[in-house]
Amino acid sequence: MAQSGAGKRIVLTGGSGKAGRHVVPYLLEKGYKILNLDLVDYPDPKAGVMTLKCDLSDSGQVFNALTSHYGFEGYDEGAPPSPPDAIFHMAAYARNLLVPDNETFRGNVLSTYNIIEAGSKLGVKKIITCSSETVYGVCFSEGDTDYHSFPLEEDYDVDPMDTYALSKICGERTARTFARRYKNDIYVLRVGNVVEPHEYERDFPKHVGQPMTRKRNAWSYIDARDLGQICDLAVQKDGLGFQIFNATNDTITTKETTKDFLAKNAPGTKITREMGEYEAPLSNRKIREVLGFKDVHDWRKYYKV
């Protein structure tokens with residue numbers, strides 16, 4: 001694997017979580033040095049990744065963490081540590097119903113604000129932060145609701161009705177505000193439903209056999225390992241200012257073609273352009289065309305239709 005990150009230092013938040021435990025190995029193979037900000041240790045002690053316990057809703061802790069050593073060996077370098085080359089912010093309450101709604105909003109909005117503010121004021125030129133598929137308004141809607149149109153692309157009029165998605169929209173606007181003020185690159189990833197390797201065998205028989213169970217996820221997903229690729233590509237691509245990218249794999253999670261499936265199961269939803277034969281309704285066309293994303297872990301490799 002090419003060492004695109006050789007010599008670069010990343011502060012990554014939430015590296016101990018569901019996606020992070022797969023993103024971190026990918027970035028390490030690319031040559032990045034990583035400091036994990038989390039409340040629990042990174043699960044693989046052999047990885048050589050230090051976890052700095054940090055409450056991201058505390059601005060002071062965030063400012064300090066972004067100028068921390070990445071391990072005790074840092075003291076041998078003879079100077080205090082400088083800010084990182086890039087920040088990848090994944091940490092959050094990952095959905096509704098983990099804590100009360102007001103805490104979901106407080107924690108997610110404050111942590112994203114603090115990371116972006118501190119990084120920008122410390123001169124970090126590349127900040128990548130995670131939004132969510134939920135901003136498209138159906139995932140945590142009350143009752144059975146429909147999308148306005150397909151494909152779901154980054155210029156969609158997002159209008160969710162839930163607190164988690166609202167917190168993510170606030171994060172998107174925060175990113176736009178600071179990128180305009182500080183002229184740095186802040187890329188927002190609208191992350192699809194994250195799938196770990198073991199979940200294909202466990203969950204996809206139901207998803208493929210009962211496809212309407214995936215409506216709230218727009219019949220789309222992101223393999224946790226491919227999210228690592230997206231982060232690497234985002235770090236490499238400079239000069240775009242503020243950008244939003246859907247972070248999903250290429251294909252719809254159904255046996256039928258996208259056109260046939262949507263015609264039968266979402267007949268009242270407008271189609272705004274011709275879609276690829278098996279293109280995911282939560283489309284990743286922008287991230288493919290702008291960043292060069294290549295789908296490595298298509299679900300059909302792991303679950304035979």
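Student: Helices (H or I, at least four residues) and strands (E, at least two) are DSSP runs here, numbered from the N terminus. Where is Pro151, then?

Tutor: Pro151 sits in the loop between β6 and α4. One caution first: this is a predicted model, where local features need pLDDT of at least 70, side-chain atom pairs count only at pLDDT 80 or more, and totals for chains, interfaces and linings use all residues. Numbering starts from 1 along each chain as its sequence is written, and side-chain values use heavy atoms, with hydrogens and water left out.

Student: Which residue does the cis peptide bond join to Pro151?

Tutor: Phe150. Omega is about -5° for that bond. Most peptide bonds are trans.

Student: And Ser149, buried or exposed?

Tutor: Buried, because its relative accessible area is 11%. The cut-offs: buried is under 20% relative accessible area, exposed is over 50%, and partly exposed is in between (1.4 Å probe, protein chains only). Ser149 belongs to strand β6, residues 149–150.

Student: What is Ser149 in contact with, leaving aside neighbours within four places in sequence?

Tutor: Tyr156, Thr269, Lys270 and Thr272. Contact means heavy atoms within 4.5 Å.

Student: On to α4. What should its 20 residues span?

Tutor: Helix α4 covers residues 163–182 and should span 28 Å at 1.5 Å a residue. The expected span is 1.5 Å times one less than the number of residues. The end C-alpha atoms are 28 Å apart, which agrees.

Student: What caps the N-terminal end of α4?

Tutor: Asp162. One of its side-chain oxygens lies 3.2 Å from the backbone nitrogen of Tyr164. For reference, a polar contact is a pair of N or O atoms within 3.5 Å; within protein, one must be able to donate a hydrogen and the other to accept it, and residues adjacent in sequence count only if both atoms are side-chain atoms.

Student: What comes just after α4?

Tutor: Lys183, with a positive phi of about 60°.

Student: What do the buried residues of α4 pack against?

Tutor: They pack against α3 (101–121), β5 (126–132), β7 (185–191) and β10 (242–247). The buried residues of α4 include Tyr164, Ile169, Glu172 and Phe178. Lys168 is also among them.

Student: How many residues of β5 are buried?

Tutor: Seven of its seven. Lys126, Ile128, Cys130 and Ser132 lie on one side, with Ile127, Thr129 and Ser131 on the other. In a regular strand the side chains alternate between the two faces of the sheet.

Student: How many bridges join β5 to β7?

Tutor: Seven, and the two strands run parallel. Strands pair if DSSP finds at least two bridges between them. Ile127 has Ile186 of β7 as its bridge partner.

Student: How many bridges join β4 to β5?

Tutor: Three, again with parallel strands; β4 is residues 86–89. Phe88 has Ile128 as its partner in β5. The chain gets from β4 to β5 through α3, and this β-α-β crossover is right-handed. That means that, with the strands pointing away from the viewer, the path from the first strand over the helix to the second runs clockwise.

Student: Which residues of β4 lie on each side?

Tutor: Ala86 and Phe88 on one, Ile87 and His89 on the other, and all are buried. β4 also joins β1 through four bridges, in parallel. There, Leu12 has Phe88 as its partner.

Student: New topic. What is phi of Leu97?

Tutor: It is near 70°, a positive value in a residue other than glycine. Most residues other than glycine have a negative phi. Leu97 lies in the loop between β4 and α3. It counts as exposed because its relative accessibility is 74%.

Student: And Ala218, buried or exposed?

Tutor: Buried, because its relative accessibility is 2%. Its phi is positive too, near 60°. Ala218 is in the loop between α5 (199–209) and β9 (222–223).

Student: Last one. What does the UniProt annotation cover?

Tutor: Residues 10–215, as "domain: NAD-dependent epimerase/dehydratase", from an unreviewed UniProt entry. UniProt positions are given in the numbering used here, feature names are shortened, and annotations may be inferred rather than shown by experiment. In the model, that span is 33% helix and 17% strand, and its end C-alpha atoms lie 35 Å apart.
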